[in-house]
Amino acid sequence: FLAGGCSVGPNYERPDVPVPAAWTEAQQKGVAARAIELTRWWTKFNDPLLDSLVERAAKSNLDLRLAEARIREARASRVVTASGAWPTLDVSGSYTRNRSSENAFGVPTQGAVITPPGGINLDQNLYRTGFDANWEIDVFGGVRRSVEAADATIEVTVEDRRDVLVTLLGEVARNYIDLRGFQRQLAVARANLKTQQDTLELTQVRFQAGLASDLDVAQQEAQVNTTASQIPTLESGLKQAAYALDVLLGSQPGTLWSELATEAEIPSLPPEVLVGLPSDLLRRRPD
């Protein structure tokens with residue numbers, strides 16, 4: 001009774017939370033209540049380069065490697081914690097060798113040799129060994145609860161790693177889509193600039209012929225300058241998105257530029273979004 005009263009507890013039990021079987025709001029256009037496996041959600045964009053970037057990021061991202069190292073650390077700590085439930089053995093050994101000086105038994109005269117009295121050996125060898133063992137029985141369950149806490153810590157680090165992975169893959173996809181968007185905006189801005197420059201030349205010709213005023217020329221020049229000023233900002237955003245992908249993949253900025261520089265279409269969304277039950281979607285989140 002004393003041991004039972006001093007034991008650590010109680011055990012954790014997961015609460016039972018009733019949820020509906022279907023989501024009644026999933027009847028709007030483009031949304032389906034059917035569940036979908038989101039393990040490889042990025043493949044729904046049907047972009048081979050995006051698939052390749054995601055796979056490379058999962059292998060080489062430095063934050064993800066750090067999260068994996070923390071899992072190994074937690075598992076090693078669990079082994080140390082669990083060892084407290086078993087006997088502890090301690091074995092030691094040492095060896096010492098000493099040699100005494102012959103002069104310790106007197107000062108010899110010139111030409112004389114001193115012999116140690118009584119046949120004393122000048123060399124001394126000392127051997128020492130030790131053995132110790134103890135075992136503290138886990139009567140009150142402290143070690144067992146510590147092991148349970150260590151197991152929970154391992155689960156936390158595993159979920160932290162999944163959290164890093166989910167965030168990483170989302171950032172890779174977001175920056176890739178941003179990059180394609182900047183490329184598209186640049187193409188449109190440059191095409192607009194070319195058209196506006198042609199219009200400016202035509203307006204200047206009309207002004208020289210007396211068919212347009214200097215105000216028309218000034219307005220067209222302002223339009224050209226406004227469009228031209230947007231291009232450096234878009235180019236900067238394009239480079240930032242490309243360099244962000246380099247960082248996410250654990251490489252030097254500029255490494256992926258040869259792959260990303262070629263303009264391509266923005267990844268298209270699937271025609272229908274399968275959401276299933278919102279609570280199921282929340283359960284799949286690492287947090």
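This is a predicted model: local features need pLDDT of at least 70, side-chain atom pairs count only at pLDDT 80 or more; totals for chains, interfaces and linings use all residues.

What follows are my entries, going from the whole chain down to single residues.

**Entry: the whole thing**

I looked up the secondary structure and got seven helices and four strands. Walking along the sequence, I wrote the order down as α-β-α-α-β-β-α-α-α-β-α.

Next I checked burial. The protein has 287 residues, and 22% of them count as buried. For the accessible surface I noted about 20,400 Å², with 55% of that belonging to carbon and sulfur atoms. I also looked at how far along the chain the contacts reach: taking those between residues at least 6 apart in sequence, 79% link residues at least 24 apart.

**Entry: H4 and H5**

For a pair of packed helices, the things to look up are the angle between the axes and the distance between them. I began with H4, residues 142–208, and H5, residues 214–248. Their axes sit 8 Å apart, at an angle of about 160°. Angles over 145 degrees count as roughly antiparallel, so that is how H4 runs relative to H5. The crossing of H4 past H5 is left-handed. Sorting the residues in this contact by class, I got 21 nonpolar, 13 polar and six charged.

**Entry: one residue at that contact**

I picked Gln196, which is found in helix H4. Is Gln196 buried or exposed? Its relative accessible area is 14%, and under 20% counts as buried, so Gln196 is buried. Leaving out residues up to four places away in sequence, I found that Gln196 touches Gln220, Gln223, Val224 and Thr227.

**Entry: H3 and H4**

H4 has another partner to write down: helix H3, residues 62–82. Here the axes come within 9 Å and cross at roughly 175°. That makes H3 roughly antiparallel to H4. The class tally for the contact of H3 with H4 is 13 nonpolar, four polar and seven charged residues.

Most residues other than glycine have a negative phi. Where does Asn46 lie? I traced Asn46 to the loop between strand E1 (31–32) and helix H2 (48–60). With a relative accessible area of 67%, Asn46 is exposed.

Key. Residues are numbered from 1 along each chain as its sequence is written. Side-chain values use heavy atoms; hydrogens and water are left out. Axes are lines fitted to C-alpha atoms, for helices over the stretch in contact, and angles run from 0 to 180 degrees between N-to-C directions. Helices (H or I, at least four residues) and strands (E, at least two) are DSSP runs, numbered from the N terminus. Angles under 35 degrees count as roughly parallel, over 145 as roughly antiparallel, 65 to 115 as roughly perpendicular and the rest as oblique. A crossing is left-handed if the near helix is turned anticlockwise from the far one by less than a right angle, and right-handed if clockwise. Ala, Val, Leu, Ile, Met, Phe, Trp, Tyr, Cys and Pro count as nonpolar, Asp, Glu, Lys and Arg as charged, and the others, Gly among them, as polar. Buried means under 20% relative accessible area, exposed over 50%, partly exposed in between (1.4 Å probe, protein chains only). Contact means heavy atoms within 4.5 Å. Accessible areas come from the Shrake-Rupley method with a 1.4 Å probe; for residues, only the protein chains shown count as cover.
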